[in-house]
Amino acid sequence: APYPVLVEGEVVAGFGRGGKQLGIPTANLATAAVEKALEDMDIGVYLGWAQVEGGDVMPMVMSLGWNPYFKNEKRSGEVHIMHTFDDDFYGKTLRVAVLAYVRPERDYTSLDALVTDIKEDIRIAHEALARPAYAQIKDEPFFRR
Ligand code: ADP
Ligand code: MG
């Protein structure tokens with residue numbers, strides 16, 4: 001895909017797989033947004049920037065997978081923003097600039113292994129987003145206020 005891939009959509013309720021309980025909440029993008037913008041992309045984990053409802057632009061990791069709610073016939077885009085929010089933001093507009101592919105999806109035999117991998121994804125994302133070419137995407141007009 002030609003990066004950055006820009007996606008804008010409403011935050012919808014997920015399948016309740018307990019991202020929040022693991023300390024890694026993922027804001028699920030509405031299906032329409034995922035289908036339109038992320039259609040040709042590989043399943044897996046990506047890094048980039050995210051903005052909730054015209055707020056600050058923050059680092060994110062996104063998992064592009066298959067949505068169990070739609071019997072795995074549709075894709076799900078789940079965005080973990082590396083920021084601690086005071087409140088949930090269901091129903092709000094989420095803008096995401098996807099900048100790079102991190103890794104394919106894996107099957108996990110333990111929750112521990114999953115959390116370890118996500119923490120590594122987050123570390124990699126922080127490092128990559130510090131590159132000038134990635135950092136400057138924060139100032140794109142796409143992230144209007
Ligand atoms: P769901 O299954 O409904 O997606 P999660 O446990 O994955 O539930 O939590 C996701 C929700 O948590 C988001 O929709 C958002 O409203 C809220 N949230 C709070 N902080 C964050 C964050 N840092 N990144 C993503 N979502 C967050
Ligand atoms: Mg979620």
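## Ligand 1 and its surroundings

In this predicted model, a polar backbone atom of F89 sits 2.7 Å from an oxygen atom of ligand 1, a polar contact being a pair of N or O atoms within 3.5 Å. The side chain of Y90 also takes part, with an N or O atom 2.7 Å from an oxygen atom of the ligand. For G14, a backbone N or O atom lies 2.8 Å from a ligand oxygen. On its own, ligand 1 has 570 Å² of accessible area, and the protein covers 92% of that (Shrake-Rupley method, 1.4 Å probe).

Around ligand 1 there are 19 residues (a heavy atom within 4 Å), and the closest are G14, K20, I81, F89 and Y90.

## Helix α2

Which residues of α2 are buried? They are V115, D117, I118, D121, I122, A125, A128 and L129, where buried means under 20% relative accessible area and exposed over 50% (1.4 Å probe, protein chains only). These residues lie on the same side of α2, because they cover an arc of only 160° around the axis. The face turned away from them carries the exposed residues D112, T116, K119 and E127.

The cover over the buried side includes β3, β4, β5, β6 and α3.

## The loop residue E39

E39 belongs to the loop between α1 and β3. Beyond its neighbours within four places in sequence, E39 is in contact with V34 and R75 (heavy atoms within 4.5 Å). E39 and R75 are 36 residues apart in sequence, with their C-alpha atoms 8.2 Å apart.

## Notes on the model

Local features need pLDDT of at least 70 and side-chain atom pairs 80 or more, while totals for chains, interfaces and linings use all residues. Residues are numbered from 1 along each chain, chains are lettered from A and ligands numbered from 1 in the order written, and side-chain values use heavy atoms, without hydrogens or water.

Notes. Helices (H or I, at least four residues) and strands (E, at least two) are DSSP runs, numbered from the N terminus. The arc is that of the directions from the helix axis to the C-beta atoms. A polar contact is a pair of N or O atoms within 3.5 Å; within protein, one must be able to donate a hydrogen and the other to accept it, and residues adjacent in sequence count only if both atoms are side-chain atoms.
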